[in-house]
Amino acid sequence: MKKGSAPSHLDALMSASQAGIPGLDLILEFVSTQEEVELLALVDAQPWEYLAKRRVQHHGMRFEYATRHVEVGAAQSPLPPALHDFVALRLAPRIPGSQALDQVTVNEYVAGVGLSPHVDTHSAFGDTLLSLSLAGPCVMVFRKEGRADVALALPPRSLLVLQGEARHAWQHYIPHRKSDMVGGEVVLRAERRVSFTFRQVRQEGDPCSCPFPDQCDSQGADIPPTRMAAQRAQRGAGSTLEDDHVNSVYNAIAPHFSATRFAVWPKVREFVMALPPGALVADVGCGNGKYFGLRSDIFVLGTDRSTGLAGVASQRVSGGPMRGLQGSLRADVAAADALALPLRPASMDGVLCIAVLHHTSTVARRLALLHQLLSTLCLGGRALVTVWATEQEGMARKLEKWAPLPGSESEANDYLVPWHVPMHRAEAAAAAARPSAVLDGKKSTVCFQRYYHLFRPGELEGLVRQVPGAQLLDAFYDKDNWCVVFGRL
């Protein structure tokens, strides 16, 4: 561990026994250095989801940071075999109550990034919470009203155990800073730390009955909303509509949707072929990554809000079942929200945003997405954006199947468009378990409703002109879509 100059931080303890918090334990060197390497390799082979300042993965059930709860209505899926074996063979024999752990959240922290104070939601998770620290150290602080804060050093390969009072009554957090005070010495944080948090998801009808009702939402405690929940409320209903009818739907239909998306749009090919050799390209809303291999002399960074589609695209990159191309793909992919892109500003020579913007449900969010695209462009770079048009071939027939969305911000052009997953598909059973799924017995399909905003002539260009610093270079209609190309002023 590196040492630096002395800041005024709470000095961290080296042992949980010094903290005096019932139910708190810290087991040093719980895993070997070889096991550490293997666990890191395991998660690094999986697609990451990007939050504002860190990368995360969820296994078993998705953990929702805005609510600090698991995804409501989602079906429980088994842990990956390696994590299941780790729980059964390493955790269960040593930690009482850990044999039933069935949810794992993996967080990657870079130096300076921390975790806000919280108590893991009582109604969501059981009595045992375990956190395995890998790759780098940190200091975790524990807080309870009426008690002095306690800081505890978490070295690499250590296992933190929270049970009883420590789990239910004490908030824990990681300060957002680049150094910590440990044993009277300043320790600089490593460039990377990865934590594996193991929990047991509570089943419906099994409320928490712990002896700490002031922290227990199962017993009526008023738990303040998280920062992410407050931000979501400020953004209004738009993000909720997208969560219900875009994000969750594409996660449910990802394999089937990908199987229908293989043709390369000529206008996209034309745009990509015009980029300079060695160009760095962002494919925002990349889907299954079908545009990754158009050229061998450029590099494509793909992002998609759907972890399911990002996973399919990552298989294409890594040579998995979706590969479908010869030679090595110069591409990478990450799960990320287009309204919070994890891309360096002014770094991209080209940006693709194909059939994405029409899934954003308010003008403010459309402008925010366009601003994100612009912010990634270098001087001289160009972005191509396409959206569904109000003028489409066979529109009357399509409207018979689409449901107008009353009460939306621009209701005249907002629709719910069905997507049918045939029951014979392997993913149909899992799709049918989703809360938004509807069984269509006549078609023998699982049906989902996707949100679309259809753009009028001139509407897309008008949005680009409202983005400070954007220069509209071209606008055209092609195959039921309005398209624009813009750059930076």
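This report looks at a cavity, a sheet and a helix in a predicted model.

In this predicted model, local features need pLDDT of at least 70, side-chain atom pairs count only at pLDDT 80 or more, and totals for chains, interfaces and linings use all residues. Residues are numbered from 1 along each chain as its sequence is written, and side-chain values use heavy atoms, with hydrogens and water left out.

A cavity here is a set of points on a 1 Å grid over the protein atoms alone where a 1.4 Å probe fits but cannot get out. Searching the whole structure turns up one cavity of 30 Å³ or more.

**A four-stranded sheet**

Strands are DSSP runs of E with at least two residues, numbered from the N terminus, and two of them pair if DSSP finds at least two bridges between them. Four strands form an open sheet in the order β22-β23-β25-β24, with antiparallel pairing. β22 and β24 stand at the edges with a single partner strand each, so one side of each has no neighbour in the sheet. β24 pairs with β25 over three bridges, and D440 has T445 as its bridge partner in β25.

| Strand | Residues |
|---|---|
| β22 | 403-404 |
| β24 | 438-440 |
| β25 | 445-453 |

**A helix with buried residues**

Helix α11 (a DSSP run of H or I, at least four residues) spans residues 459-466.

Technical notes: 1 Å grid on protein atoms, 1.4 Å probe; cavity = no way out; pocket = protein on both sides within 12 Å on 5 of 7 lines; lining within 4 Å. Points joined across faces, edges and corners; volume = space filled by probe spheres on them. Buried < 20%, exposed > 50% of the residue type's maximum accessible area, 1.4 Å probe, protein only.
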